[in-house]
Amino acid sequence: MSVNSLENLLNQMQGRSVIHGWGAVVAFSRAQLNRLLEEQYLSWLHEGRIVPPISGVVYIDDQTESMRLDKLLLGKPVLSFASSSLNQSMVTLTMNIVGGNYTAMSRPRGGAERVISSFNITEALGYKIEMKISLHGIDGEVDQRGRVTFDMASDLSMTCNLGEGNGVQRKVAAFIQGQLAALPVDTRTFELGLFDFTGHNPLSPTRFYIRTQKAPAGSANPDDGAVLLFVCLKIKDENGDGFPVDGSGFPYLIPDDQAAGKDLYSAAVVLNHEFIELLDDVQLDVLTNLLLPGANLFVESPKGRHTPHDLLVLGNLKPSVENVTIEPAFTSVKAGKTQTFTARKSDGSIVGAQWSVSNPLSPLSVGSITPTRGEYRAPALSSMGNEQQPVVVTAAYAIGGKQRTSSALVFGTSESMSISPRVCTSGVGAGAAPIKLTASTLGGGKLQWPTLAPSEGTLEVIDDNHAIYKPPLDLIKPLDIQKITVTDPVTKETIEATIVLMRSAHTLPVDPPYVEAITATQPIQFYTDLDPQDERWEVIGEGEVKEGLFIPPAQPTSRISVVRCSYLVNGTARASGLSIIQLSEREQPVPNWEQLDGFSITTTGEVGRCASNGYQQIPVMIRIETKPVTINGQLVYIPVSDAQLSTLRLVDRASNTLVPFVGVAQEGIEYGSGVNWATNKKRNRFRLYSSTSVSTDEEHSLTPPAPNNNGVRYRELWVHLAVEGSRTFYALFDSHQGTQSSIDSSGDGSQVIVEGIRPLPPALGFYEFKRQRVWQDPDGRDEPIEGSNEIDYFSYYRRSIDYWRLSYRRLGMYPVLFATSVIENNLSTIQWESELIIERYFSHTGYAFNSANYEDRDSPAPKGLSFDPYFWRLAKHSRRKLDTSFAANKQPSPGEMIVSLHRLDNLMYWYDGLAGGDAYKLYRKHLDPGMRFFLIDEEGNRHSLSVAFESGTIEDSRNKLILSLA
């Protein structure tokens with residue numbers, strides 16, 4: 001049943017503005033935002049931004065209880081708006097724990113250590129971290145994008161449901177949060193959407209503020225909600241009248257109408273009613289300048305525009321035709337079994353791809369995939385090494401002439417079923433705590449739980465996957481094993497949870513207290529501090545023990561045995577202790593590299609230098625080679641893993657401090673940030689250093705050579721310097737062998753010396769600002785200027801258009817294009833022939849910029865000229881229609897800025913005294929000043945320039961533009 005239909009929404013918006021004076025409001029729904037997050041999570045798997053597995057030991061405050069976390073893997077982030085409020089920008093983020101192992105141990109003072117519970121984690125068991133996060137807006141100085149982001153390590157009060165009891169769970173959550181906080185910022189920051197701030201028409205966005213809103217009461221899913229962006233526009237580059245709050249009557253802007261069971265809308269834009277009339281002349285740039293991560297777009301719905309008062313535009317966040325996803329995106333496959341993957345475009349068509357697989361943790365445990373069919377076979381059980389192995393399945397394909405990749409995540413598992421806990425200990429009696437059991441199966445079907453006899457305790461089945469076990473009130477034996485066997489009725493497979501029941505406390509220490517796995521029939525020796533003649537050993541379960549030596553069963557039929565030792569005094573047991581043994585055969589560990597054979601960091605020629613502007617980069621190639629290991633008598637090369645490579649960073653040799661990575665949404669070290677040097681994981685748009693002409697990047701290519709064996713890995717990083725002078729850097733990465741340092745490696749290339757070169761400030765003479773006539777009144781004519789060799793191109797034309805083209809040569813010799821341009825004040829400037837009230841002869845300017853064409857460029861060439869919003873208002877007031885189109889074949893070339901000069905003969909004179917107190921009609925105040933531009937060239941250097949008419953006191957000053965340094 002609909003609780004927020006389009007009809008209801010339009011009624012709420014009827015006859016009143018709902019957006020509190022803002023230029024526009026944009027709303028995104030939860031379902032599509034979660035899809036964007038899933039795409040980012042998968043793309044990171046092959047982009048070096050992997051969240052490494054989390055391992056470590058967590059202690060309770062009194063150190064009597066510890067939890068060992070081994071290789072915990074976090075799944076995709078999922079948003080919930082159930083607790084969101086319009087008063088703030090908070091949302092709940094959940095990440096499932098999709099793999100790893102958990103073991104809790106008790107170490108009471110003066111008592112015996114024992115296992116509390118232990119199990120392998122699968123996603124189906126439902127363990128997760130949950131946090132309240134604030135959405136942030138981040139603006140990029142160079143790319144002029146405003147991003148909606150969040151940091152998954154930002155909540156110090158993160159919660160986790162792994163472990164028994166709130167005290168344990170709080171400690172586990174704090175440990176995981178600390179591990180996430182130690183990651184580079186770009187590895188823990190996700191993006192939900194962004195605005196392109198390079199647009200210049202009146203309805204282009206300039207900045208925004210974020211709020212969150214939960215779905216209306218009664219909605220089908222209580223987790224649903226929306227991210228709201230309150231947007232300033234060029235036409236009204238000022239904040240609205242505050243923000244709505246809960247209970248203020250602010251409508252939920254995304255209707256819940258459906259067709260064929262699917263939501264019709266997932267996004268909405270509301271434009272302030274004051275600016276609707278401008279849509280006759282300009283497009284709604286709030287839509288066209290709205291960008292989304294990956295190849296995703298805002299697509300306006302058919303008949304999606306409504307005008308109850310403000311303009312409501314409804315649509316959807318949809319993948320573009322270039323968006324390719326892998327099906328299935330997440331799955332688990334039992335060891336040795338197969339799964340076929342398919343690459344599809346958003347329209348459902350299949351894409352031909354080359355398939356490959358990699359294991360981010362264990363390079364040799366990957367299984368295999370057919371290169372053209374995408375049929376994956378999980379690694380055999382004998383080669384898995386762990387009960388789970390994450391494998392990245394990657395499809396490489398070409399779209400639009402560009403090579404692209406998409407990935408999926410598959411878990412190879414040793415068993416089709418999982419249960420938590422796999423083994424645990426418990427007392428008996430009325431005071432014994434209930435034990436929550438969770439079971440799952442890869443088939444996802446219903447599970448059958450056993451029926452227990454009263455002497456075994458009680459089992460309350462909550463649902464197909466959950467039950468609660470309560471121990472019996474008494475126990476005949478001092479210690480016993482209770483098995484809970486869960487069955488998949490479809491596959492007939494079973495899995496067993498084992499509860500070790502104790503009638504009384506076992507306080508005698510037995511070493512080891514817990515054996516996670518056995519090795520075939522190899523005996524296990526147990527120890528106590530007792531005299532052997534005072535010991536009595538026994539086994540509860542399968543296997544034999546004699547004088548502390550446990551002989552495992554040849555073919556165990558159950559999962560757990562317990563070795564118990566009693567302290568005898570005159571033949572009477574005074575105290576007892578125990579050790580729990582998992583009878584599953586120890587898996588052959590996945591072989592790993594043991595030593596490095598080389599760890600070098602290099603750069604070449606002038607590439608070891610860069611302009612100290614913070615943006616130009618120095619490419620650094622890092623080579624890591626491992627020594628081969630012997631496996632079954634053969635030498636095998638095992639490279640460092642993707643997860644280990646993801647921890648690679650540089651260190652400043654002088655201070656031994658880590659070189660920071662550039663911030664999210666930044667292409668380098670932004671001006672005034674106070675950062676002197678930084679590292680980037682990717683190539684930015686700026687050209688590499690050359691002391692002479694602007695060289696091509698290919699001249700300085702550091703493409704790694706083909707490795708001479710598969711124990712070699714290469715990784716490229718990019719260094720930025722914002723100070724002149726030389727610095728020395730070396731490299732580090734984390735591994736199972738500890739932190740590895742390039743300066744510990746023998747031979748050349750243990751460190752790299754880079755140098756920042758101070759760029760010379762550009763002189764005015766290095767610029768060319770050249771006029772080009774692109775249109776003129778056909779009734780006019782050129783006339784020679786009397787007494788001069790020059791021609792008068794203005795006096796005999798009532799109307800004309802000139803394009804003034806800006807170019808730059810470094811040192812006056814080497815041509816350098818412009819990469820970015822920012823208007824620092826008004827976008828247009830105006831001037832009448834005179835200040836007479838009857839004046840009609842008038843000039844105004846327009847603007848266009850085409851950024852230099854770089855490989856990673858995402859700013860398309862301008863479609864036309866741009867004019868200041870106040871000039872749009874003046875033109876509308878004067879009943880003039882502006883033409884934004886370029887003169888034929890005269891648009892700016894890549895890296896070029898144009899200021900257009902338009903001369904008219906019939907625009908009525910205006911002075912701001914005619915505004916009548918209307919701030920939006922103070923045209924002269926905003927348009928009389930010259931224009932100020934801040935540009936960055938393709939070498940990363942800054943240029944501050946101004947363009948203005950000559951002083952009005954000079955005759956014919958409206959005919960010419962003057963360039964000066966700002």
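## Strands and a sheet

A strand here is a DSSP run of E with at least two residues, and helices are runs of H or I with at least four residues, both numbered from the N terminus. Two strands pair if DSSP finds at least two bridges between them. The model you are looking at is predicted, so local features need pLDDT of at least 70 and side-chain atom pairs count only at pLDDT 80 or more, while totals for chains, interfaces and linings use all residues. Residues are numbered from 1 along each chain as its sequence is written, and side-chain values use heavy atoms, leaving out hydrogens and water.

Let's start with an open sheet of four strands, in the order 35-41-40-37, with mixed pairing. Strand 35 (514–515) and strand 37 (535–540) are its edges, each pairing on one side only. Strand 40 (residues 560–569) and strand 41 (residues 572–582) run antiparallel and are joined by 10 bridges. Look for S561, which stands opposite I581 in strand 41.

## The largest nonpolar core

A nonpolar core is a set of buried Ala, Val, Leu, Ile, Met, Phe, Trp, Tyr and Cys residues joined through side-chain atoms within 4.5 Å; buried means under 20% relative accessible area, exposed over 50%, and partly exposed in between (1.4 Å probe, protein chains only). The largest one has 108 residues, and L79, L162, L180 and L229 have the most contacts inside it. Strand 4 (residues 90–106) gives the largest share, seven residues.

## Tyrosine in a loop

Y911 sits in the loop between strand 62 (896–904) and helix 9 (923–927). Y911 is partly exposed, with a relative accessible area of 38%.
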